[in-house]
Structure formats: C-alpha cells, structure tokens
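Please keep the sequence and the model in view while reading.

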Amino acid sequence: MPSPAKTRTAPKAATAPQPDYRIERLTLDNGLRVVLSPDPSSPVVAVAVYYDVGMRSEPEGRTGFAHLFEHLMFQGSANLGKTEHFTHVQGNGGTLNGSTHVDYTNYYEVMPSEATELALFLEADRMRSVAVTQENLDNQIAVVQNEIRVNVLNRPYGGFPWLLMPPVLYSDFANSHNGYGDFVDLESSTLEDAQGFFDRYYAPGNAVLTVVGDIDVEQVKGWVQGHFGDIPRRKVPKRPSFREPLPTQERRATVHDHLAPAPAVALAWRVPDPVDLTTFLPYVVLAEVLTDGDASRLQERMLLEDRSATHISGYLGLLGDPLDARDPTPFLLEVHHPEETPVDTVLDTVDQEITRLGSEGLSAEELARTVARMTARYLREVDSVLGRATTMSVFEQQRDRAELVNELPGLLRQVTPDQVQAAAATLTKDTRTVLELRPGSPA
Amino acid sequence: MTTVEKRPVPPLAKPRTAKLPSVAERTLENGLRVLAVRRPGVPLAELRLRIPFAGPSGRSGRSFTAQASLLGDTLLSGTDQRDAAQLAADVQALGGQLSASTDADRLGFGGSVLVGGLPGLLGILGEVLTGASYPKREVLGERDRLVQELAIYRSQAAVVAREALLRRLYGDHPYGRELPSAEEVEDVKPSSLRTLHAKRVAPGGSILTIVGDLPPNKAIAHVEAALSGWTASSKAYDTPRLPSTPDQPALLLDRPGAVQTTLRMAASAPSRADADYAPFVLANLVFGGYFSSRWVANIREDKGYTYSPHAQVEHPPAGSRVTISADVSTPTTAPALLETLYELGRVATTAVTQGELDQARRYAVGSLALGTSTQAGLASTLSQLAGAGLGVEYLRDYPKQLAAVTVEDALAAGSRYLAPNRLTTVLVGDVDQVQAPLRTLVDLELE
C-alpha cells in the first residue's frame, strides 16, 4: 500500500514565551558562589551543590576515584554519622542523590520547603569536613563494584558507548580513561586519597550552591551565611585545560559483548567548546534534526524506509546531556542494527544523510519544528525545582550565568538553517571515530 | 586534640501544605471521561489517556498480548490523512510529543505540548483514535523491529528474572506474560491490528487527564471539539481475576559466568483503597522501600553485597503486588538471601520502633507532595488514581491515613504481607557457583 502523499501544508511551528525565573546571587567570603531562585507555586525546594571536579581530574592509578569519593560524601561529615544524612532528608519527606560527571560532581536534596534550612545545614556539614572510616571506605568500594557489575559487567551493551568510546576517541589519560574505575584502582584507594581529594577539590570556592523553590530569599541568604559562612576559605585549584588535538583521520575499534544479542555501532566527532553556546547549540540542534522522532533524518531513513536499524539516538556529551561538559566533548550517534545489515551499510547510510544535510541544508520549517519540540522538552525539564536547580548550577559553574536558564529558549530560536548545515558539514568520514560492538566473543 | 562542639541540626519550619488541585470533570456523550486541572508554571499541557485493554487468560491471551504490543508500536504509524513521518513532523511543530503503549490492562497515550498547541495535539490524537491505518509496510517493519527489541530486552538479567517471577506468580493469566514471544509477534497480521483497533479502541470506560497552563473548562472544550467524533463502542473487558499463587520453591535460572545474581521476590499487596494499605506502605518502607530502610542499611551500607536494593509496590488493577529486588555479587548470593529473609522475618514478627514509623510516614507524605509538584507528575498521578477509581481527594486523604497508623498496625501489616514464607522467589545467576550455598537456605528448583 502506498503511503499517503504529503499534501498537507506544514503548520507554522509553535514558539513559547521566554521563562522568567527570578535569580539572585551572592558570593561568600570563603568563595562559595550561591544562586537563589524563589518560586512559591509548590511547597517544595531543591538544594544543589556542584563541585567543579569530575572524572577528568582523576590521577593515573585512581580511575573511578571521583565517583567513589561521591559515595564517601554520604558516609559521615563534621557533625553527622554514617546514614544520618539520608535519614535527615528522607525522614523529613525528601529525596536526595549525587552524581559524578566528566567535569563536575553534584549533590542535591528535594524537600518539603519547611526543611530548607535543614538541607542547607546538611550540605554545609559535608562541605566543612568529610568523615570516613576505613570500614566505610571498604564498604563503599564494595558498593561501587556492585554498581559497576549491575550497570556494566552483567548488562548487555553495558558502558556502550560512554565507557567504551573515550579510549578510542581520545588520547590523553584525563579524557580517555574509564571514569567508573578499574577494580584494582578502586580497591587500592585509601583514606589519605580521600582526604587529599577533599582538601584539593572540595573547597568552598570550587563549588556552586543553588536553592530553588518555595523560599524567602532574604531568609535563605541568612541561613546560607550562618551555615556555610564559617567554612574556612581554601585554595581553589586552577582547572587545567583538557583540550587535546582533533583527530585528523578516522579512528576505528571493535569491542565484543558476550551478553549482547545484536550488533551496534557508535560514531563520535569532536565539536566546538560548549562554553560558547552560539557555536555549540547548532550541533545540539543538529543531533535532534538527525535523530529525534519519526520525522528526523536518520530515523525516517533507517527505521521507516530502509529498516537498516532498530534504534538510533544522537546526542552531545558522553553522558547525554549537551550542556554539562566542557571542552573536549563529542557529538555521538548510537545505532543498533540487525545482524543482516552490515555495519558498513549503516555507516554509509549515516554518512549519506549527514553529507546531504551538509550540502543541501534544511528548510526553515524543519528547523522550526525541531526547535519547537526542544524548547517544550526543556521547559518541561525545568518545571521541576530539581531540573531548574541543576540547570542553573551548571550554567553558573561553567558559564558564570545562571540566567541562561531563562535565555536558552531564545538562543535556540536564534540558531539558523545555515549554522545547522555548517555543523553537519564538519561531521566528515575522516574526522569520525567508529566503535563497533559485536555480539558474542572474539572469533 | 581539641573538642569541637557539635552543631545542632536546625528545626523544621512550619509546614505549608499544597492546596488540593481543583479538578474539573466531564463525561462526553461518547462515554469518554475527561479530567482537567489548571497548573501554571510552564506554558505546557500534559495529557494522559487510558483505554481499557485487558486480554483473556490462556492461549488466546497470548496472541492478544502480541497483537496489543504491536498495536501500541504502530498506532502512530499513519492515518487516512498522514503517514508516519508527517504525523511525527506535525506533532513536533506543535512543540509536542505523543506516544502510545500497551500493558496487560490498558492502552495508554502520553503526551505533552506547548499549551497553544493543545487543540492541535488533541486533533492528531482524535485522528489516530478514529483513523489509524496500520499500513502494511510499516506494520511489517515494526514487527521485525519488535522481535529484535524483545531479543535485546530479554538479554538483560533483570528482564529474565521479572518474566520468570510474573509467570510463577500468575501462571497463564495476562499478568504472567507481559511480553509476547518472538513467534507470537511474527504471527501478527496487519489486518488483525485494524480489527483489534475497531473492536477495542473505544471511548466508553476510557479516561483522559489534562494538566496544564490553561483553564480546565477550556481544556475540556478542546477535548470535546477534537474527540466527540470518536464514537466506537466496545463491550466492557475486565482483567480476568488473578489465580492464587501456589507455594513453590525458589526458582534458580542459569546465567553462566554472571558476576552478579539477580534476586527478585514478590507477593500480593493491598491496593490503595484497602484499609491495610497505609500500614502496609509504612511496614514496607521500614523494611526496604527506601534508602533509609533496614534492608538497605544491612545488605548495602553494612555489608556491601549490592548497589541498589529496593522494595517496590505496583498497582495493576486486578491485584497490587510488592516486589523486592537486589543484584548481589555472585559470592555473596546466599548471604544476601539470608539477610533478606532475616529482615523480612523481622518486620513480620517484631514491632518497628516509633521513630522508624514516623520517619517512614514523613517520607511517604513528602514523596506524594514532590511527585505532584510538576505538571507531568500531577498528570501521571491523577491518571493512575482515576484508573484505580480514586479521585483527587486521595491526595488529601492518604496522608491522613498514614498519620493514623500505629506501631501495632505496621506489625500486623508486616506479618500479613511481608512474611518471608509468602514471597515467591526467583534468582538469575551462575548456577555452578550459587546453587550449593543457596540450598542450605531454601528449596530450589532449576529450569
């Protein structure tokens, strides 16, 4: 049966008003940067602390340490014993977590707003000092190993491509090593390592504190001063550049996955420094034009027409969040395909579609509908106090501008078809890195 | 050494309770029940549509599951007016997203859109509900893709364990097989999807929930304009009654060389409307339902056997259940099961402390508040409640029920629902390494 002809006229893509979340900031004498954003619409609050250290800062021999250390931050602090941090938060109706990224480590609580001061106290307490025993360190090494087993070792496609791509794409240890950690490195980690890491990277001046939700700004300023103000100022490490030369020829590697039933392939290209959003956002839009939904270039071609793939995703940044990493960072495509489709067919098809976009460009209509959905998805994310707090924190930490939370939809709207076309033209065959995943064991 | 004075933990401020959302409701002439709530914040609207879609037990139920799965995957593959790509482009242009899926009880649509695009999205939804065309080429393509996806899905230990657990709990009831087999999918014909759609995709008994930055009466008017033409009728199909679960030994499935064992245990649990529900929730939280629980403290924070143990309650309409899950390192499999049985036995036979109970209670109340603080969270919550026959008052009444639970109530619920001898157990791991130690604790069945 032939598909119905596309006779309908395209509707004009929707636009949204710019958000106007109020933002206040202060910097304490010890260097802690603070962002406050009141919103009385629900009686909840998010408190987030972002430390400017991530997997890239791990020294050789200590792979996975940034993440292990994140676990240790829940094991006790100046005035709190093990598990008390959790019980204070959850036992007062809140949720909490922490996560380790390539360039930062974050900690947050989302709580009923009557617990705002409590959450600030808890974060201040572990910024003041961390208190880990050998027993708790051993325990958390075992927990982290089990985290790696469940997410990587006992899982098909585990770590694909976020752990498997960096060693192919990058050359420098900082960028290429396994951020979850080698078991040998994890097991040899010591309390001295932990104290040293805390002293060096967890200085107040190396952190951003963000409070979003049902708060009185003046009252919270007082609490912040009261709980964080007397944490001594410490030297803030100068963040090194992790930049490394761009690949000048195609890089290729193959991994075998004995748990995977079908092949997959990941492609990566280096993109411009994300700190400058005007040159970076066209790539973020490009990923959507190529892979977001049935009307995207690669999905329409490979899922609907050729049936050469079963799943396609495209995104910026190893962890899938375009705005949370600094330079260097990749544009990634991940394609799962049937065994009957040779990987070269997949690569050729991807290359054809990217080349076509790079030479012929895209219509204003295609761009507008792509941006319309990106904007809606973004607004949905920042509807939650936590989504807003995490977004503001990264913007403040990496770009000194929490206000970008309001400005991002406008910046997306300014991206032009020419910019997206130009971005596509840089994703060439000779600058790509290709990682094939083959099911089964090596022959 | 200097003594540092402990800093006091600050007290809580006076709680500010969220206002109960005001829900406008109307049942359209075609039988569709519409709920709408205004929730400003972001200029979006969320929609959730639930269409009863239960299949029968037994052999015919298996082919129904396959058809229903593929129907969910191809509902948006084209209508008499637009092909799949055009449909997707038009949804996108509204700043919208729309997806469909089926489970053992219902066909569900979820969507969100820039609020000005709500009429447009509802129009597309109406077009799909009344005119999904299931084009042969798309259906055959999605059929192949579903087969591939099922293979990938089933390569995960967690999925293997869940499927085995549900089969053991529910046998040949639809809940016993959430997913079709590859063969059952390959047997589905495009024409059978059109027949199934005509027979079952009907407004009577269906519920549409809209939460967004617009007045509820306006939302309802948009729905009426877009969906009044949806007039299919269907008889009522209730999910079959659940069979009783027989006593069975623990099932151990082999995953040769696995570095972890996937442990799952489950049993029936009270529904939200049951008087036992609030005491059960609190007993379960104290046992293992949140991070600050005894089980997590024991097998993770004390012994390091696992990363993310949790006890979760699900509410399929024919019967709620509690499932406890932990992926434990292979050498600690038997010790982890021992501690799990111990903690279950403890909450079933000895009273929790008042402190444990109060802490769990505050967590349960707080979670409800956090979960309904966004448009998307409120829409999902109201839709789920409506599917269970509960209204928005539940958001007000449930905290009161939690407040009334005593230590004695929690013990009664713990012994009634969390006693280790009533849970069905499945383990997926390396049989050679874990079998002998496990046999010292429980009877085992190997497949």
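## Domain contact and helix packing

In chain A, 34 residues of domain 1 are in contact with 32 residues of domain 2, where contact means that the C-beta atoms of two residues, placed from the backbone, lie within 7 Å. The model is predicted, and local features need pLDDT of at least 70, side-chain atom pairs count only at pLDDT 80 or more, while totals for chains, interfaces and linings use all residues. Residues are numbered from 1 along each chain as its sequence is written, and chains are lettered from A and ligands numbered from 1 in the order in which they are written.

Domain 1 of chain A spans 24-228 and domain 2 of chain A spans 251-439, with bounds from an automatic or database domain assignment; their C-alpha centres lie 28 Å apart. Of the side of domain 1 of chain A that touches domain 2 of chain A, the largest share, five residues, comes from strand 3 of chain A. Strands (E, at least two residues) and helices (H or I, at least four) are DSSP runs numbered from the N terminus.

The elements of chain A below each supply at least two residues of that side of domain 1.

| Element of chain A | Residues |
|---|---|
| Strand 2 | 33-38 |
| Strand 3 | 44-51 |
| Strand 5 | 105-112 |
| Helix 5 | 166-169 |
| Strand 6 | 207-213 |

Elsewhere in chain A, helix 1 (residues 65-72) and helix 4 (residues 134-153) pack at an angle of about 120 degrees, with their axes 10 Å apart; axes are lines fitted to C-alpha atoms, for helices over the stretch in contact, and angles run from 0 to 180 degrees between N-to-C directions. Helix 1 of chain A is therefore oblique to helix 4 of chain A, since angles under 35 degrees count as roughly parallel, over 145 as roughly antiparallel, 65 to 115 as roughly perpendicular and the rest as oblique.
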